Every structure is written in structure tokens, then in C-alpha cells.
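The sequence and structure are shown first.

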Amino acid sequence: MKAVFFEEHGSADVLQYDEFPDPEVGPEEVLVEVKAGGLNHLDVWTRKGMPSPEELPHVSGSDGAGIVSEVGDRVTRWEEGDRVVVDPNLYCGHCEFCRKGEESMCVDYKMIGEHVRGVHSELAAVHEDNLLEVPEGVDLVTVAAAPLVFMTAWRMLITRAEIQQDDSVLVHGASGGVGHAAVQIAANEGCEVWATASSDEKLEHARDCGADHLIDYEEEDFAKAVKSDTDGRGVDVVVEHVGEATWDGSLSAAARGGRIVTCGATSGISPETNIPKVFWKQLDILGSTMATPGEVDAVMAKVFDGTFEPYVRAVLPMSETPRAHEMLESREGFGSVVVVPDDDYDPDAYA
Ligand SMILES: [Zn+2]
């Protein structure tokens, strides 16, 4: 079979799309004929070796959807022909955090595509518990773009920040995967949503996702804009995944008693923190990463029923995965990039 893989870390040109050994299907695993794979910034970090997967060569990809083509001896829930999407969370199931239902805090937490072999390949062997059934009529290309970003945004907002109706929420980078998911989730809960992005076109997409207030962060200071819109009060919740470039502004944009929830730091991991802003305003700073199986089920049900819509900015053949990484790294376009196996690629189908 063919797979997207790399033998060494580096720039996008280390990515190959070539023959790779077929996966072996364990007794509790399902062989999936992959029809689409969603790209995430995580794929870029893993390619760069931050972190390094357990072994090289490494097959990329945490998000994927396809059709079941074979099942292991002990698999009970799936049969050939089922339409499935991958839940990339791997956890031990027996540590103190797993036993509390906090699987994303597992002491042995791993992700498909990050620590272990990914699914951007013609065939992928996945544990039966790491699959969700995709209802008939739901497009596999669209659904492949959803799990990682929607589950991340769902846990940030619903579980960690505990957003309530009428909360004011600022979402940074609303044109990215997590950002555009966060705008939709906050709007769906009845929050008033501020979205930042770097062009009018991206901001119009953010409006389509449910944002009430649009801020072009290259044209204006987002914290001042938020304060101005709220008569100096600030917002109840800030969705942070940018880091150094926005951290101080996020502390300023939060209202007294506000919550900053962070899942990443794409612009840099060590910003200065003005501590008086934290204690004087009595801010809560909340970390969040990935999601529990229950959270994955909850948010994917709303993707399947159309409440949430993953935006796909481009569909490319898997052989053009280097180009997909460049699009993510340059923040080109709005939403996710999806790759499909070259033999299945029909350019007219994704216009
Ligand atoms: Zn565990």
C-alpha cells in the first residue's frame, strides 16, 4: 500500500508518499480503507520532531475516515463495509486519571499519528475502540477534518471553561482548525463571540461560523478592540492557542473573574506574564489538551447531525502532503486541509 511517511525530521520535503508495508491487523483491531485524512498543526510538529514519534519511518496523520475492510478475531462492534472515523486518543485505561474518567490526563497518554503510526495511508489498522460510526449521508472528507480540532475546542470551552449562555468569548485565530471549531461551539451555546483573523475574507468565514464581532488583528490591537466593544469590561472567556504573540493581550482582554483557556502556543511557548493582571483581575488560567471518549462522542454527534461544520479549505492528493503542511504553516486560507489517497483523488469532486 501507499502511505505518507518520513524517515527523518525536517522541513516539508522530508514527507514521502510511497510504498509502505501493509499494517498487521491485531485481534482487537480493524483494518480501515482510508478515504480521507485531516491535517493538523500536530502533523507539522511531529514532522519537525517536536515530539519525536516512537519509531522512524513514521506514518503521518491523526485524523482519518474510511471504510472497514477487515476485522480482527476479537472485534465485535464492526464489520466489513462500515463507515468510520478515527478517534486518535490512546490511553491506558487503568491509571488513576483514566479510572476517574479523565483519559486525556492519562500518565501514558498517546496519540495516533503523533507517538505511534498514523492513518494517512491507503490502509490503517486501528483499535476497535478508536473508531466512531459515520452515519450514511455524512461526507467522509468533511468528517475527516473534524475529530482533533472539534474535540480540543469542545473540552476547552464546555469542560474546562464551562461556558454558559450569554458569556462573552474571544477566540484567537478563528481561521484555524481549533479556532473555527471554538467559534461554532461558543455560538451554539448562546455566547457572544469575538473572533480574530488576519483578513476580511477569513473574518467573513468566522461570521458564517457564528462570530458576532470581527477583529483583524493585523489592523487593530485586539485587546483594545474587545475593551472598547465592552465598555472597558473585557470578555468572560479567552480561547488561547497562539501563545507569545497574544498572551499579554489575552490577559488584558479578559474581564475580572475571566477564564483564559489554552491548548497551545504556536507563536512561542514562553511569553512574559504580568502577574498583577492575573491576581488583580482574579483570572483563572486553564490548561486543556485533547479530550475524553465521552467528549469525542458528544462533539462528533453534533458534527454528524450538522450542528457543527468542519470547513475544508483544500482537498489534495496524499502525494501533495508537503503542500498541505505549507498551507498550515503559512496560515493560508480558512479551516482544515484534507488529503485523500492519490488513486481515489478526483479534483472535480472537491470544487
Ligand atoms: Zn491512563
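## Charged residues and a strand crossover

Asp82 is found in the loop that separates strand 5 (63-71) from strand 6 (83-86); helices (H or I, at least four residues) and strands (E, at least two) are DSSP runs, numbered from the N terminus. This is a predicted model, in which local features need pLDDT of at least 70 and side-chain atom pairs count only at pLDDT 80 or more, while totals for chains, interfaces and linings use all residues. Residues are numbered from 1 along each chain as its sequence is written, and side-chain values use heavy atoms, with hydrogens and water left out.

Asp82 is buried but has no salt bridge, and the nearest side chain of opposite charge, Arg77, is 8.9 Å away. Buried means under 20% relative accessible area, exposed over 50%, and partly exposed in between (1.4 Å probe, protein chains only). Lys and Arg count as positive and Asp and Glu as negative, whereas His and the chain ends are not counted. A polar atom of the Asp82 side chain lies 2.9 Å from the backbone nitrogen of Glu79. Beyond its neighbours within four places in sequence, Asp82 is in contact (heavy atoms within 4.5 Å) with Gly66, Ile67, Val68 and Arg77.

The whole structure contains 15 salt bridges, each defined as a side-chain nitrogen of Lys or Arg within 4 Å of a carboxyl oxygen of Asp or Glu. Three of these pairs are listed below.

| Pair | Closest N to O |
|---|---|
| Glu28 and Arg74 | 3.0 Å |

Glu28 forms a salt bridge with Arg74. Glu28 lies in the loop between strand 2 (16-19) and strand 3 (29-38) and Arg74 in the loop between strand 5 and strand 6, so the pair ties together parts that are 46 residues apart in sequence. Glu28 is partly exposed at 33% relative accessible area, and Arg74 is exposed at 52%.

Arg155 is buried at 3% relative accessibility, as is Glu295 at 8%.

Lys35 and Glu33 belong with Asp344 to a network of salt bridges. Lys35 is partly exposed at 25%, and Glu33 is partly exposed at 33%.

Strand 12 (residues 192-197) and strand 13 (residues 213-216) run parallel and are joined by four bridges; strands pair if DSSP finds at least two bridges between them. The chain passes from strand 12 through helix 6 (residues 200-208) to strand 13 in a right-handed β-α-β crossover, meaning that, with the strands pointing away from the viewer, the path from the first strand over the helix to the second runs clockwise.

Notes: A polar contact is a pair of N or O atoms within 3.5 Å; within protein, one must be able to donate a hydrogen and the other to accept it, and residues adjacent in sequence count only if both atoms are side-chain atoms.
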